[in-house]
Amino acid sequence: AMDLLAKRRPRWGVLLFTVGCAFGALAVHLYVGELVSMTAQPLGGSRLASFMTMGTVLLRYLVLLVSPLGLSVTHDVVPLQQWTPLALFGWLLFLGLGVSAVFFLMLKKSGRFLSVWIWCFAPLLPVSQFLVPLQNVMTDRYLFLSAMAPALVLGFIAERQGSLAKFAVASVLLVWAGFSSLRGWMFSDSELLFNDALAQTQYSPIPPYQLGMLADGRGDKRNTEKFFRMAINRNQLALAQDLLPHTAARRASNNLARLLVSEGRLGEAVQVLELARQDWPSDSKLAGNLLQVLMRQERRDEAEVLCLLRMKNGFPQSTKIERLCLTLSQSP
């Protein structure tokens, strides 16, 4: 991209070597990502569904590069199972801009627009989902390098003669600087940040979970319960849209159960944990907490069934579960 801007001949040997290094790093990242569960199942259950869905995400990214109004620490992305006009338009725009930039290079001998196209879209390829499925389908930080594209366009406009072009560029920069200050102010306060994300999302359990943790930290039990329940409900809505269960909802379930137990509401705690186990049947922490609450309620038969299921469901080794099951087997 920089060779095109500088109108110099690319050093193909250097480019091939660096691309090889990038693919080598990618292989390491994929291996480590699988070990720590950063990768996920293909969005919508197939590569084709991922490809279609990312057409709409590309459009949303392009809008965010120009208008920061939709910036958020988390975004809802509902997987598609068939083509929609927006998804088709997103990919046609991507290809159309690329082909136009190549023709401009060939006809006008200028690589400016091709350089902008590369800067805009190349950084998004590793996070495009249909190549490498990731837990985070869409985040603001994925635009870190793509932001160079509108910056270059503004630079090209600023080079033009006349005060009108320079005034337009200065105005855009002033507006963007204002939005940067606003985002910086929001990031200075977790509650502001996640309330903003809560207003901009419908399915993500992350904002209410984080707000629940903040409320829990200051001892506000009413809002703690409210936000944890909201995180769980959002996860159920997401599942209805073919989204995968999010770990934030699992954590919210454990923390809400802890709060309910502290208030003596054991029956409600059991309901919360049993609902969570439908989405995470092999999670040892959920199983251990449920087992503990059942034993406190003296629901021995259900506790014994859970102990018998621990091997069948493939729980990871858990000292807590083994200790509780041993206590249960030794008690009269």
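**Reading pockets and a helix pair**

In this predicted model, the lining of the second largest pocket divides into 16 nonpolar, 15 polar and four charged residues.

User: How much space lies in the second largest pocket, and which residues are closest to its centre?

Analyst: Start with the general idea. Rolling a probe the size of a water molecule over the atoms shows where empty space is left. Here, the second largest pocket holds about 840 Å³ of space. It is lined by 35 residues, and the closest to its centre are Leu 134, Gln 135, Leu 244, Pro 245 and His 246.

User: What is the volume of the largest pocket, and how many residues line it?

Analyst: The largest pocket has a volume of about 1400 Å³. Its lining has 35 residues; Ala 22, Ala 122, Pro 123, Leu 125 and Pro 126 lie nearest the centre. By class, that lining has 26 nonpolar, seven polar and two charged residues.

User: Which helix gives the largest share of that lining?

Analyst: Helix 2 does, with 13 residues.

User: How are helix 9 and helix 11 placed relative to each other?

Analyst: Two packed helices are described by the angle between their axes and the distance between the axes. Helix 9 (residues 206-217) and helix 11 (residues 247-262) pack at about 30 degrees, with axes 9 Å apart. Angles under 35 degrees count as roughly parallel, so helix 9 and helix 11 are roughly parallel to each other. The crossing is left-handed.

User: Which residues meet where helix 9 contacts helix 11?

Analyst: From helix 9 come Ile 206, Tyr 209, Met 213 and Asp 216; they meet Ala 248, Arg 251, Ala 252, Asn 255 and Arg 258 in helix 11. This contact has five nonpolar, one polar and three charged residues.

How values were computed. Residues are numbered from 1 along each chain as its sequence is written. This is a predicted model: local features need pLDDT of at least 70, side-chain atom pairs count only at pLDDT 80 or more; totals for chains, interfaces and linings use all residues. Side-chain values use heavy atoms; hydrogens and water are left out. On a 1 Å grid over the protein atoms alone, a cavity is a set of points where a 1.4 Å probe fits but cannot get out, and a pocket is an open set with protein on both sides within 12 Å along at least five of seven lines; lining residues have an atom within 4 Å of a point. Grid points are joined across faces, edges and corners, and a volume is the space filled by probe spheres set on the points. Helices (H or I, at least four residues) and strands (E, at least two) are DSSP runs, numbered from the N terminus. Ala, Val, Leu, Ile, Met, Phe, Trp, Tyr, Cys and Pro count as nonpolar, Asp, Glu, Lys and Arg as charged, and the others, Gly among them, as polar. Axes are lines fitted to C-alpha atoms, for helices over the stretch in contact, and angles run from 0 to 180 degrees between N-to-C directions. Angles under 35 degrees count as roughly parallel, over 145 as roughly antiparallel, 65 to 115 as roughly perpendicular and the rest as oblique. A crossing is left-handed if the near helix is turned anticlockwise from the far one by less than a right angle, and right-handed if clockwise. Contact means heavy atoms within 4.5 Å.
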